[in-house]
Amino acid sequence: MLTILGRSGGAGQYCDGVSRRNFIKVGGMTLGTLSLPQLLQAEAAKGEGHRSHKAVINVFLPGGPPHQDMWDLKQDAPSEIRGEFRPIGTSVPGIEICELFPKLAKQMEHCAIIRSVVGAKGPHYSDQCVTGWDARNNEPAGGWPSMGAWVSKLQGPAGNAMPPHVSLMYKTRHAPWGEPGAGGFLGLAHAPFRLMGGKGETSKIDNMVLKDITLERLQDRAGLLKSIDSLKRDLDSSGAMDGMDAFTNQALGILTSSKLADAMDLSKEDPATVERYGKGDPQFRADGAPKMVENLLIARRLVEAGARVVSLNFSRWDWHGGNFKRARQDMPMLDQALAALIQDLVERNLDKDVSVVCWGEFGRTPKINANAGRDHWPRVSTALLACGGMRTGQVIGSTNRLGEYAVDRPIQFQEILATLYHNLGIDLNTVREFDLRGRPQYPVAQGIEPIRELV
């Protein structure tokens with residue numbers, strides 16, 4: 001939610017009865033009363049931004065998608081491991097994927113499949129896919145920043161009207177599946193601008209007050225605003241207040257532009273393009289996320305409008321039972337939307353600038369259980385990357401005949417993130433920041449390099 005409230009007739013009150021000492025809110029986060037100098041400074045900051053920019057769309061599949069039923073089929077394995085699906089050829093000779101991904105198969109020259117992702121942990125959380133770190137161990141003071149937070153810190157916004165770090169992740173009943181990562185020790189200024197709520201909540205964009213907001217209205221405040229920020233900063237020892245000015249500047253840029261709202265409005269998109277992505281299902285999947293394929297299109301519109309990192313979650317992939325039934329429901333939807341996104345990026349000449357990654361927190365057991373499901377398998381998983389100027393049309397790594405472990409070119413989560421940072425134009429050798437205890441920290445562990453086959 002992002003609101004600036006208008007006047008009412010009553011002294012000290014706005015039109016909806018809220019006192020003049022109330023807060024501006026952005027993305028559901030309280031920002032604090034703004035001082036007049038802060039507001040004027042924000043309005044004066046009219047940087048033109050970049051005409052073009054690099055970006056990442058991070059598609060998170062919460063629950064752990066089954067690697068051997070998607071992009072690493074095992075036809076030589078026994079039936080209790082092989083499963084029900086058959087491989088199909090793709091646009092790249094020699095690369096085969098599951099028959100439930102026929103549209104993606106036609107886009108394979110723009111994709112790279114990693115079949116040997118290692119380093120996953122057992123619990124269900126998004127951390128390794130949004131930060132690259134295990135947040136449950138050796139977390140620095142202030143917490144690990146997400147990839148979007150690092151990009152926000154290092155590159156800033158591409159323009160006044162669009163936050164650099166945007167989340168389309170729905171809040172989920174199992175909370176870690178809906179976490180896009182935070183600002184961590186980099187501060188609140190680099191936390192994600194969250195656009196989606198949870199079950200029973202409306203999209204945050206629905207509550208944004210954008211109409212009839214002008215700079216003239218914002219200037220009518222000399223007698224309305226009292227600054228308490230200096231006092232708050234004196235009292236705040238956590239460093240959280242350091243991000244408030246950046247948030248309020250961002251708020252004003254968004255309020256005085258319709259760019260973000262327009263990006264979320266699919267009625268402004270070519271109907272044929274909307275149809276290409278398919279029709280989503282807004283129902284929440286148990287403790288997971290809805291199956292909103294439209295959000296992949298919105299992600300593309302957001303990066304076109306200036307976002308640098310956009311994350312989203314899709315469905316619920318924790319299939320301890322009914323694995324193949326659920327796959328027949330979810331995989332064709334993901335296939336259609338991912339293929340449409342890749343086609344969109346290529347047709348719009350964005351495929352050199354925008355990277356796509358699609359993955360989950362771990363893989364699934366090779367052996368099918370008594371409930372026709374697969375259980376947690378952190379030993380190996382898979383990921384699909386696309387576009388971003390990478391050397392695509394290839395498979396990296398392999399697992400053994402039963403899909404139990406990596407036998408060739410094991411790839412860490414952080415190596416994938418290092419590749420995405422590289423695609424964004426960030427030289428990891430030059431980046432060092434300090435956590436709240438003054439200890440040096442880095443986006444990925446020292447010594448981690450981008451995947452050489454891709455760059």
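Which residues are buried in helix 11? In the predicted model examined here, the buried residues of this helix are Glu294, Asn295, Leu296, Leu297, Ile298, Ala299, Arg300, Arg301, Leu302, Val303 and Ala305. Helix 11 is thus described as mostly covered, with 11 of its 12 residues buried. The end C-alpha atoms of helix 11, which runs over residues 294-305, are 17 Å apart, in agreement with the 16 Å that its 12 residues should span at 1.5 Å a residue. The helix is followed by Gly306, whose phi is positive and near 130 degrees.

Of the 455 residues in the protein, 58% are buried, and among contacts with a separation of 6 or more, 75% are accounted for by residues 24 or more positions apart. The mean pLDDT of the protein is 84, and 76% of its residues reach 70 or more. Over residues 1-51, however, the pLDDT is below 50, although this stretch has 119 contacts in the model beyond near neighbours in sequence. The pLDDT is also below 50 over residues 207-235, a stretch that has 59 contacts beyond near neighbours in sequence. Where pLDDT is low, the predicted coordinates should not be read in detail.

The nonpolar interior was considered next. In soluble globular proteins, nonpolar side chains tend to be buried together. The largest nonpolar core of this model holds 67 residues, of which Ile57, Trp71, Phe101, Leu104, Leu168, Leu302 and Leu334 touch the most other members. The largest share of this core, 12 residues, is contributed by helix 12, which spans residues 323-347. Leu302 is one of the buried residues of helix 11, and, when its neighbours within four places in sequence are left aside, Leu302 is in contact with Met162, Val166, Leu168, Leu195, Leu260, Ala263, Ala307 and Val310. A second, separate core comprises 41 residues, including Ala120, Val151, Phe185 and Val309.

Aromatic rings form seven pairs in the model. One of them joins Trp71 and Phe101, whose ring centres are 5.6 Å apart and whose planes stand at 55 degrees, so that the pair is classed as tilted. Trp71 belongs to the loop between strand 3 (55-60) and helix 2 (79-82), whereas Phe101 belongs to the loop between strand 5 and helix 3, and the pair therefore ties together parts that are 30 residues apart in sequence. Both Trp71 and Phe101 are buried. In another pair, the rings of Trp150 and Phe185 have their centres 5.9 Å apart and their planes at 80 degrees, so this arrangement is edge-to-face. This pair links distant parts of the chain, with Trp150 in helix 5 (residues 147-155) and Phe185, 35 residues apart from it, in the loop between strand 7 (165-167) and strand 8 (193-194). Trp150 counts as buried at 0% relative accessibility, and Phe185 counts as buried at 7%.

Polar side chains also make contacts with the backbone. Gln128, located in helix 4 (residues 127-130), is buried with a relative accessible area of 4%. A polar atom of the Gln128 side chain lies 2.9 Å from the backbone oxygen of Glu361. Apart from its neighbours within four places in sequence, Gln128 is in contact with Gly119, Ala120, Lys121, Trp133, Trp359, Glu361, Phe413 and Leu417. Glu99, by comparison, is partly exposed, with a relative accessible area of 34%, and is placed in the loop between strand 5 (96-98) and helix 3 (102-105). The side chain of Glu99 reaches the backbone nitrogen of Arg86 at 2.7 Å; these two residues are 13 residues apart in sequence, and their C-alpha atoms are 5.7 Å apart in space. With neighbours within four places in sequence left aside, the contacts of Glu99 are with Glu84, Phe85, Arg86 and Ile88.

Two further residues were noted for their backbone angles. Most residues other than glycine have a negative phi. Ala372, however, has a positive phi near 60 degrees; Ala372 lies in the loop between strand 11 (363-364) and strand 12 (376-377) and is partly exposed, with a relative accessible area of 33%. Cys387, likewise not a glycine, has a positive phi of about 60 degrees. Cys387 is part of strand 13 (residues 381-387) and counts as buried at 5% relative accessibility.

Terms used:
Residues are numbered from 1 along each chain as its sequence is written. Side-chain values use heavy atoms; hydrogens and water are left out. pLDDT is the predictor's confidence in each residue, from 0 to 100. Contact means heavy atoms within 4.5 Å. Helices (H or I, at least four residues) and strands (E, at least two) are DSSP runs, numbered from the N terminus. Buried means under 20% relative accessible area, exposed over 50%, partly exposed in between (1.4 Å probe, protein chains only). A polar contact is a pair of N or O atoms within 3.5 Å; within protein, one must be able to donate a hydrogen and the other to accept it, and residues adjacent in sequence count only if both atoms are side-chain atoms. A nonpolar core is a set of buried Ala, Val, Leu, Ile, Met, Phe, Trp, Tyr and Cys residues joined through side-chain atoms within 4.5 Å. The expected span of a helix is 1.5 Å times one less than its number of residues. Rings of Phe, Tyr and Trp (its six-membered ring) pair if their centres lie within 6.5 Å; planes under 30 degrees apart count as stacked, over 60 as edge-to-face and the rest as tilted.
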